[in-house]
Amino acid sequence: MPYRKFQADYLFTGSDLTANSSVLITNEKGEIKDIVAAGQAGEDVEIFPGILCPGFINTHCHIELSHLKNKIAEQTGLPDFVYKVVRERHYPEEEIVDAIKTAQAEMLQNGIVAAGDICNNELALSIKNDARLRYYNFIEVTGWNPLEAAERFAHSKSIYDKYIGNEKKASMVPHAPYSVSYLLWEKIAPYFSGKIVSIHNQETPFEDEFFLKGKGELTKMYEMMKIDNSFYTFPGVSSLQSYFEKLFSASSVILVHNTFITQDDIDFITRKKPFGQLVSFCLCPNANVYIENKLPPVEMLMDAKVNIVVGTDSLASNHQLDILEELKTISKKFPAIKTETMLTWATLNGSKALQMEDTLGSFEKGKQPGIVLIENIKANKFTDASKAKRIL
């Protein structure tokens, strides 16, 4: 089978960034065959300006909310945002499906090769057959009223069964600690075993206030949504510490957003997590700015040496589905973070979180991770004009 040879100003392998002394060799299908010195590559080398890197892993998105692009006001806070999503998400099915197709095409164009996608219905199921974009499907379970637990569970289980029946990778997962009742936790917990579990974590300061003190803006959100909260007794610990041990049977846990996570919570995870369980911290910076105008404590997470990954969240809370745009936002706020560090979060680390590292995430022999070109860089740094596109 004929080979293709790629060289650029920089080559990022999934963990290391090197200047233009190496050539990446693949077959026509994109399977990695070798990385060799430029002098040993021979002829027919395709040369590009910029950084060549493996395809991006979008560890957290909601593709089925793509029809809500530009429909919800920015920086109103999470309680108001959630309320608006619930009220505004009911559009004609054809319009929702068309928006999903457009969003998938956008992710592919922007170099995304895999996504951890939150699912509340089946509208994206038939669309998720594009071999160039792999999905891990998180069937999201919500229901704060314990009296509705059986009905809510049955609804989500029916969606889960259809995904599994169509041979799609899927898990049943809690939306957030403030939206899943204790009875609903009991019903879904057996489905965590050996699976990947994703949960929205500490996206607003009101979340911890609700679990520590039983009051705050979340109670107002329940009132707006006419949800009975009279049964609730606050545990007196942080949001994360109220639920984390419920996830112990999962093989991989993805904590999403972490905008208001504390050092105490990180230490709690370090002490408590089972041996062998991977816990990943997903950053969705553009969504955090869109909703709360706040970025997570990235440097604190780095100091803890945890598995950091990157997501776009949804077009309800973002202007694009583009992992590079997320990295550019991080780079502006934290300019000392190395380019190769951020690219590792967006490639190899994400593939580990979604348990796809056997084929994606890095330029290693036998893998087929996709090849992305990042253009308009300065030295090896991102600029405002930097763009990513998939070239294989």
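What follows is a chat about cysteines, strands and a pocket.

Modeller: Before we start: this is a predicted model.

Biologist: Fine. Why is Cys53 called buried?

Modeller: Cys53 has a relative accessible area of 0%. Buried means under 20%, so Cys53 gets that label.

Biologist: And what makes Cys61 count as buried?

Modeller: Its relative accessibility is 1%. The cut-off is under 20%, so Cys61 counts as buried too.

Biologist: How do you know that Cys53 is in no disulfide?

Modeller: The nearest cysteine sulfur belongs to Cys282 and sits 17 Å away. A disulfide needs two sulfurs within 2.5 Å, so Cys53 is in none.

Biologist: What about Cys61, which cysteine sulfur is nearest there?

Modeller: That of Cys119, at 8.5 Å. The limit is 2.5 Å, so Cys61 is in no disulfide either. By this rule the count comes to zero.

Biologist: On to strands. What makes S6 and S7 a pair?

Modeller: Four bridges join S6 to S7 (residues 112–119), and the two run parallel. Pairing takes at least two bridges, so they qualify. One of the contacts has Ile57 with Ala114 of S7 as its bridge partner.

Biologist: Which strands make up the open sheet, and in what order?

Modeller: The order is S6-S7-S8-S9, with parallel pairing.

Biologist: Why are S6 and S9 called edge strands?

Modeller: S6 (56–61) and S9 (170–174) each pair on one side only. Neighbouring strands in this sheet are turned by 20° against each other on average, ignoring direction.

Biologist: What makes S10 mostly covered?

Modeller: Six of the six residues in S10 (196–201) are buried. In a regular strand, side chains alternate between the two faces of the sheet. Here both faces are covered: Ile196, Ser198 and His200 are buried on one side, Val197, Ile199 and Asn201 on the other.

Biologist: How do you know that S10 pairs with S11?

Modeller: There are six bridges between S10 and S11 (residues 252–257), in the parallel sense. The rule asks for at least two, so this is a pair. His200 stands opposite Val256 in S11.

Biologist: Last one: what lines the largest pocket?

Modeller: Its volume is about 1100 Å³, and 42 residues line it, with Val86, Arg89, Asn120, Thr142 and Arg152 nearest the centre. Helices H1 (78–88), H3 (149–165) and H6 (217–224) each give two or more residues to that lining, and H1 gives the most, with seven.

Biologist: How do the lining residues divide?

Modeller: Into 17 nonpolar, 14 polar and 11 charged.

Conventions. Residues numbered from 1 in each chain as written. Predicted model: local features only at pLDDT ≥ 70, side-chain atom pairs only at ≥ 80, totals over all residues. Heavy atoms only, no water. 1 Å grid on protein atoms, 1.4 Å probe; cavity = no way out; pocket = protein on both sides within 12 Å on 5 of 7 lines; lining within 4 Å. Points joined across faces, edges and corners; volume = space filled by probe spheres on them. Nonpolar A, V, L, I, M, F, W, Y, C, P; charged D, E, K, R; others polar. Axes fitted to C-alpha atoms, helices over the stretch in contact; angles between N-to-C directions. Buried < 20%, exposed > 50% of the residue type's maximum accessible area, 1.4 Å probe, protein only.
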